[in-house]
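Hi,

Here is the structure I promised to pass on. Have a look at it first, and then read my notes below.

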Amino acid sequence: MSVAILQHGDYLIASIQADLTDGQVLELRDTLADRLGVHRIRGIIIDVTAMDVIDSFVARSLRSLAITTRLRGAETVIVGIQPDVAIALVQFSLNLEPLHTALDLDEGQALLDRWTTGAGRGAG
Amino acid sequence: MDRPADAPVLVRRPSGGDASLLRELVAYLRDSRTELREEWVRRITEAHLLSVMTPDEIFSEVTAVYDNYVDALETGSVETLQAYARDLSERIIPRGVETHEVLGIVLLLRDVLARSLFVRYQSDADMLNRILDAYEPAANRIAVTVGVSFVEERERVIRVQEEAIRELSTPVLQVRERLLILPIIGSLDSARARQLTEQLLGAIKANRARVVVIDITGVATIDLTVANHLVQTVEASRLMGASAIITGMSSRIAHTLTDLGVDLSMMRTVGDLQGGLEEAERLLGYQADRSDAGRSASGD
């Protein structure tokens, strides 16, 4: 599978290396949901820098992933959306809400840090 | 002009004599080059055409055009004249020579030459008729060629300038670390809005921006398509991890957007650029402090 999943502290980092098939997207979703509980993960960063296309299926899967993981106590941030991909997403009105987005890995991690050290602790 | 009753047929199509007539015409025009040229310059000055050029310049251009004109009459090919006209246009357009001046000058030459033909052949109406038959189509074609060349050159210049304006008109500026400003000035159409979005997203990536302030103080009006583009720009910026703040929206645009029912729930708007920058700094965690005394407690 062309997704590397790394653990970094309390976070899981899923780095997508190429465009994914629908099956691989679902597989990623299930894998992440499973690993959440095992390692007491508080945040997930999905890096889509290498993806040239995010179609409606991928967008919907990422959304449902975010909702699922939130139920299991972890926030999800998508990082590395390329300018072309961003334009395509808004043109096709593919809504990623309530997904959070950040520019790159650093930014995504900073975002998660803010949540998990702030309000996230009590509410989680 | 009154014609005697026994004048020959008024309009007579020249059959085979066309070429020899043109030759005669060209020879005549070459012989009378000096007088006709001077007459032409006199008429140009009288009509106050080419006022931006000095008399010397006018005379040398006039000479070149005259010779090209006669050559074009002789060969029937306007290519050399066309090239010259284009080259001339390139030189005179930056100096502010107008289309009506160029057309006026060419038509003046046509009149000057036609009149000299009247004078020369006034005793022989039939010959005059045939000479004019040969002269007029060629002269008209030349006038059209010069006019079109000028206008084409002008359009080319406009296209180049449009391109330059498009490049210049949407700078993305970094004012602080992670904070960009995009001042939009002038009219927005779909093409420009799209280009602007791409430029902004590229800058967000390159500068790792977290907040962008889009200032539309300089935009007079907006339509539905462009408004939706603006919403998409804000949305796409968010996908790249940057919050967008729109500032300087005129009451007219605000009315338009409200009337059009554009969904602005995603948009963060602040009245003016200053307010937008303050809001952006707040988002980024900056706090502006005045070092001198007497500062008012205005922080929020």
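Helices (H or I, at least four residues) and strands (E, at least two) are DSSP runs, numbered from the N terminus.

Before you go on: this is a predicted model, in which local features need pLDDT of at least 70 and side-chain atom pairs count only at pLDDT 80 or more, while totals for chains, interfaces and linings use all residues. Residues are numbered from 1 along each chain as its sequence is written, and chains are lettered from A and ligands numbered from 1 in the order in which they are written.

Now for α7(B). Its buried residues include B:Leu196, B:Leu200 and B:Ile204 (buried: 20 or more other C-beta atoms within 10 Å of its own; exposed: 12 or fewer; partly exposed in between; C-beta atoms placed from the backbone). The buried residues of α7(B) pack against α3 (83-91) of chain A, and also against β2 (179-185), β3 (211-218) and α8 of chain B. Turned away from that buried side, the other face carries exposed B:Ala191 and B:Ala206. Just after the helix, B:Arg208 has a positive phi of about 50 degrees.

As for chain A, it has five helices and five strands, in the order β-β-α-β-α-β-α-β-α-α.

Cheers

How values were computed: Contact = placed C-beta atoms within 7 Å.
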